[in-house]
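The sequence and the structure come first.

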Amino acid sequence: MPIRPVLYSNKFNELVLLKCLFLLVALVGCSPPGEPVKCSTKDSNCTVTNSYGAFPDRTVCRAGNVVYPISEQESVSILSAATEVQRKMKVVTHFSHSIPKLVCPDGQDGLLISTKNLNRVVKINLTAMTMTVESGVTLRQLINEAAKAGLALPYAPYWWGLTIGGLLGTGAHGSSLWEKGSSVHDYVVEMRIVSPAKAEDGYAKVWVLNESDKDLDAAKVSLGVLGVISQVTLKLQFLFKRSITYVMKDDTDLGDKVVTFGKLHEFADMFWYPSQRKVAYRIDDRVPVNVSGSGVYYFTPFRSTLSSVLSVIRSVEETQESLRDTEGKCLNAKLVTSTLQSSAYGLTDNGVIFTGYPVIGFHHRLQSSGTCLDSHKDSLITACPWDPRIKGEFFHQTTFSIDLSVVKSFIQDVQKLVSMDPKSLCGLELYNGIVMRYVKASTAYLGKQEDAIDFDITYYRSKDPMAPRLYQDVLEESKWRCSNTMLCRIGGRTVTWCSMG
């Protein structure tokens with residue numbers, strides 16, 4: 001029987017509360033993330049990683065050189081020269097938020113092409129309601145510049161530290177079953193891509209694809225294998241207002257409600273806390289622009305945090321893992337959940353205080369956040385919670401999609417696993433539980449094949465690759481159930497689509 005570190009857990013509770021209270025204040029000072037590409041000499045002998053500092057297999061990704069084109073013509077020249085000598089190339093974005101190793105070229109012989117400096121808004125067409133941007137423009141830039149023109153990207157990922165090229169390449173999305181759905185790539189009306197070509201074409205070619213080209217569905221989500229995305233034109237809408245309310249309920253009937261809930265509310269999603277048998281439903285819909293409200297959503301886990309607090313919280317979680325302290329994890333998870341709930345997950349009436357639901361505001365102030373990126377250097381006194389330069393959060397993220405037709409069965413299976421051991425998934429709730437987002441079927445070849453729900457799971461990762469996690473078998477069982485359902489489709493039944501991330 002392991003010794004329970006009661007005093008240590010009490011200290012953890014105090015620190016978690018301090019962290020949560022600290023995050024309720026929007027900070028001015030914070031250290032922005034480090035560069036994903038680092039070179040021992042100027043732009044040569046480089047390594048590249050993601051924003052978390054580690055790929056799933058923990059290997060170091062190397063490249064011979066990195067280049068930073070500032071225009072489409074420079075991109076053409078770079079690809080032409082590299083193609084002529086048959087050099088392998090990969091595109092890397094400013095913040096490199098992809099967890100898989102999509103940016104790794106061919107070791108020291110490989111070339112990295114960064115879109116960091118392809119960061120300009122090309123034009124906004126108010127008549128056509130379109131916006132053309134270079135691929136290195138961040139989601140935050142796009143949202144803000146569109147709003148200045150009275151326009152809005154209707155659906156988007158919740159983290160604004162993504163570039164347009166990066167989020168299109170990986171099929172990133174928000175949450176909705178309405179209209180075309182929540183995937184940004186389904187609002188692309190034109191793309192310009194620089195790709196390798198034959199010698200007679202100068203070894204590089206600019207492809208211009210629009211809605212009349214069937215190849216656009218191949219280019220919308222391409223994992224970066226088709227070339228360098230130069231420009232993207234997106235179809236926008238007039239800027240509108242939304243009303244958001246979170247409601248915490250028992251999860252007993254989650255399987256029965258989940259499909260109807262997504263069809264009832266345009267921007268619906270859920271935070272599911274299976275060990276606590278609770279679910280936070282996000283009731284989120286458009287309202288007329290003349291409805292009063294100046295709401296802002298700075299999602300609490302995306303705010304900057306004191307590095308010293310993050311370090312102690314990480315140490316406590318490591319201790320709980322080593323001592324198999326499930327009781328401590330469950331107690332701390334309840335504290336995290338209750339604190340986030342009482343602070344409305346970062347929703348405010350005006351960017352400062354929260355007085356109650358509903359929170360009403362313009363779409364561009366509610367749809368995405370990531371304030372820990374928008375900061376000055378403070379010598380890492382504060383940072384994004386997962387910044388690899390400090391001792392902070394270090395986690396796995398697993399995402400899988402379940403078709404709406406079978407999602408009830410999957411939810412019930414997870415609930416059965418929890419019934420067998422109620423403490424088995426407490427570790428997920430330290431990272432705000434399971435995020436459930438709605439996504440529609442897409443015409444993109446690598447998009448979703450069926451209307452589905454994405455289950456986003458974040459959980460503890462040890463610095464020691466040989467150390468097992470608490471209840472690792474339960475998580476693997478959940479993922480097996482997802483992949484096993486996919487096998488039913490391969491066997492002839494079109495019941496689900498499941499991707500392990």
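This is a predicted model: local features need pLDDT of at least 70, side-chain atom pairs count only at pLDDT 80 or more; totals for chains, interfaces and linings use all residues.

Residues are numbered from 1 along each chain as its sequence is written, and side-chain values use heavy atoms, with hydrogens and water left out.

**Overall make-up**

- The protein has eleven helices and 23 strands; helices (H or I, at least four residues) and strands (E, at least two) are DSSP runs, numbered from the N terminus.
- Of the 501 residues in the protein, 55% are buried, where buried means under 20% relative accessible area, exposed over 50% and partly exposed in between (1.4 Å probe, protein chains only).
- Among contacts (heavy atoms within 4.5 Å) between residues at least 6 apart in sequence, 74% join residues at least 24 apart.

- Thr 348 belongs to strand E18, residues 347-348.
- Is Thr 348 buried or exposed? Thr 348 counts as buried because its relative accessible area is 6%.
- Beyond its neighbours within four places in sequence, Thr 348 contacts Gly 295, Val 296, Ile 353, Phe 354 and Val 359.
- Pro 358 sits in the loop between E18 and E19, and the peptide bond from Tyr 357 to Pro 358 is cis, with omega near -5°.

**Leu 373**

- The loop between strand E19 (359-362) and strand E20 (382-383) holds Leu 373.
- Leu 373 has a relative accessible area of 13%, so it is buried.
- Neighbours within four places in sequence aside, its contacts are Pro 32, Pro 33, Phe 95, Trp 159, Trp 160, Gly 161 and Cys 384.
- Gly 161 is 212 residues from Leu 373 in sequence, yet their C-alpha atoms are 7.1 Å apart.

- Met 89 is part of strand E4, residues 89-92, and is partly exposed because its relative accessibility is 22%.
- With residues up to four places away in sequence not counted, Met 89 touches Leu 79, Ala 82, Thr 83, Leu 111, Ile 113 and Pro 196.
- Leu 112 is 23 residues from Met 89 along the chain, with 5.8 Å between the two C-alpha atoms.
- Thr 115 is in the loop between strand E5 (111-114) and strand E6 (121-125), and its relative accessibility of 3% makes it buried.
- Outside the four places on either side in sequence, Thr 115 is in contact with Val 91, Val 92, Thr 93, Ser 135, Gly 136 and Val 228.

**Backbone exceptions**

- Most residues other than glycine have a negative phi, and most peptide bonds are trans.
- Asn 45, in strand E2 (residues 44-48), has a positive phi of about 55° and is partly exposed at 36% relative accessibility.
- Asn 432 also has a positive phi, near 70°; Asn 432 lies in the loop between H10 and strand E22 (434-439) and is buried, with a relative accessible area of 5%.

**Cavities**

- On a 1 Å grid over the protein atoms alone, a cavity is a set of points where a 1.4 Å probe fits but cannot get out, and lining residues have an atom within 4 Å of a point.
- Grid points are joined across faces, edges and corners, and a volume is the space filled by probe spheres set on the points.
- How many cavities of 30 Å³ or more are there? The count is five, and the largest cavity holds about 140 Å³ of space.
- The largest cavity is lined by 16 residues, of which Lys 329, Ser 424, Gly 427, Leu 428 and Leu 470 are the closest to its centre.
- Helix H8 (326-342), helix H10 (426-429) and strand E23 (452-460) each give two or more residues to that lining.
- The lining of the largest cavity has nine nonpolar, three polar and four charged residues; Ala, Val, Leu, Ile, Met, Phe, Trp, Tyr, Cys and Pro count as nonpolar, Asp, Glu, Lys and Arg as charged, and the others, Gly among them, as polar.

Technical notes. On a 1 Å grid over the protein atoms alone, a cavity is a set of points where a 1.4 Å probe fits but cannot get out, and a pocket is an open set with protein on both sides within 12 Å along at least five of seven lines; lining residues have an atom within 4 Å of a point.
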